[in-house]
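Here is a short note for someone opening this model for the first time. The points below can be read alongside the sequence and the structure.

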Amino acid sequence: MIVTLTPNPSLDRALDVDRLVPGEVLRADAVHVHPGGKGINVTRALVRHGVASRAVLPAGGADGARLVELLASQGVPALAVPVAGDTRTNITIAERSGATTKVNAPGPALAPGEVTALLDALAAVLDEGARGLVAAGSLPAGAGDDLFVRVAALAAQRSVPFALDTSGDPLACAARAGVLDLLKPNDEELAALVGRELVTVGDVVDAAREVIAAGTAHVLVSLGAHGALLVTEHSSWWAGGTPLVPLSTVGAGDMTLAGFLSADGSAADRLRTAVAWGRAAVRMPGTAVPDPSAIDTAAVRVVEAPDPRLTPKEL
Ligand SMILES: Nc1ncnc2c1ncn2[C@@H]1O[C@H](COP(=O)(O)OP(=O)(O)O)[C@@H](O)[C@H]1O
Ligand SMILES: O=P(O)(O)OC[C@H]1O[C@](O)(COP(=O)(O)O)[C@@H](O)[C@@H]1O
């Protein structure tokens, strides 16, 4: 069982438009509503691919109830901790060209007792038996920037490998504490973490190794259209495929992480699976999870020790 924690879940609403014109009234061709939030998406993806997983999340208000209902109706195992605030809705505007614009709401603040209840619920689910824990997404106000450090301690006490996908101060706090088996930033999040621009593959690998030196075992850096890099203390691999026109890139990073966690085998094979899952995700509208039949691992090329002088685009 892989347990996920999403401290700031969302209802994801995606509106398909021909072209986004700022300041104009636009008519959407279609609207997609999906359960959202990074850990929840990881659980949705794993379950769809037959890997046992359970999502732990706070939920409140009408949108929180809708989120819980959607998860139940889609057969996604979840433990929702009731909170007073209203669960947020995040909006995606997907253009025909493949460009995606996203507006994420801040989400409801958590009271101290709600944070404790969420961590207690997580500990109880971990005690039922877990082979991995994923914590992912932004933190709501009130959670404290060190929430993921507290979560890592729960995982460490139970010898459960801990993977994290977050950004900003919560990422910096957890990376500094060095308590992670796997960190999954995208290249922009990694650049913000190390405080410099990452232009070449070598720049990305060096930045990942800084994180590794602080105590993280694996760094999986997603590079959008240019695939992903997996970096360990002594090795690195890149994987990617031919260009494609995405329908929606929302949730692609979460699919990538889920793919990596779902796979057995060598690091290179796990990276290949991760990228194949990410590529399948961008072919789906909104935050929809692709079917196992949509995963094309054969279309993904893996390079061991990629040339550090190249930019990701040149790989
Ligand atoms: N435009 C795209 N074309 C092809 N694959 C993409 C595209 N955008 C994302 N992907 C795939 O999805 C993965 C995750 O995307 P990325 O945007 O890096 O993640 P995040 O959503 O975390 O920012 C990438 O590693 C890649 O495999
Ligand atoms: O918690 P954050 O950083 O606001 O992100 C939440 C959003 O991220 C998503 O999980 C998608 O994540 P990715 O596109 O990074 O895979 C959406 O479902 C959700 O709306």
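Predicted model: local features only at pLDDT ≥ 70, side-chain atom pairs only at ≥ 80, totals over all residues.

1. Ligand 2 is surrounded by 17 residues. The closest of these are G36, N90, G137, S138 and G253. Elements that give two or more residues to this shell are β2 (10-17), α1 (38-48) and α8 (252-262). Helix α8 supplies the largest share, three residues.

2. What is the make-up of the shell around ligand 2 in nonpolar, polar and charged residues? Twelve are polar, three are charged and two are nonpolar.

3. Two helices deserve a separate look. Helix α4 covers residues 147-157 and helix α5 covers residues 168-177; their axes come within 8 Å and cross at roughly 40 degrees. Because of that angle, α4 counts as oblique to α5. Two packed helices are described by the angle between their axes and by the distance between the axes.

4. Which residues make the contact of α4 with α5? From α4 come L147, F148, V149 and A152, and these meet P170, C173, A174 and A177 of α5. The contact residues divide into eight nonpolar, no polar and no charged.

How values were computed. Residues numbered from 1 in each chain as written. Chains lettered and ligands numbered in written order. Axes fitted to C-alpha atoms, helices over the stretch in contact; angles between N-to-C directions. Helix = DSSP H or I, 4+ residues; strand = E, 2+ residues; numbered from the N terminus. Parallel < 35°, antiparallel > 145°, perpendicular 65-115°, else oblique. Contact = placed C-beta atoms within 7 Å. Nonpolar A, V, L, I, M, F, W, Y, C, P; charged D, E, K, R; others polar. Near = placed C-beta within 6 Å.
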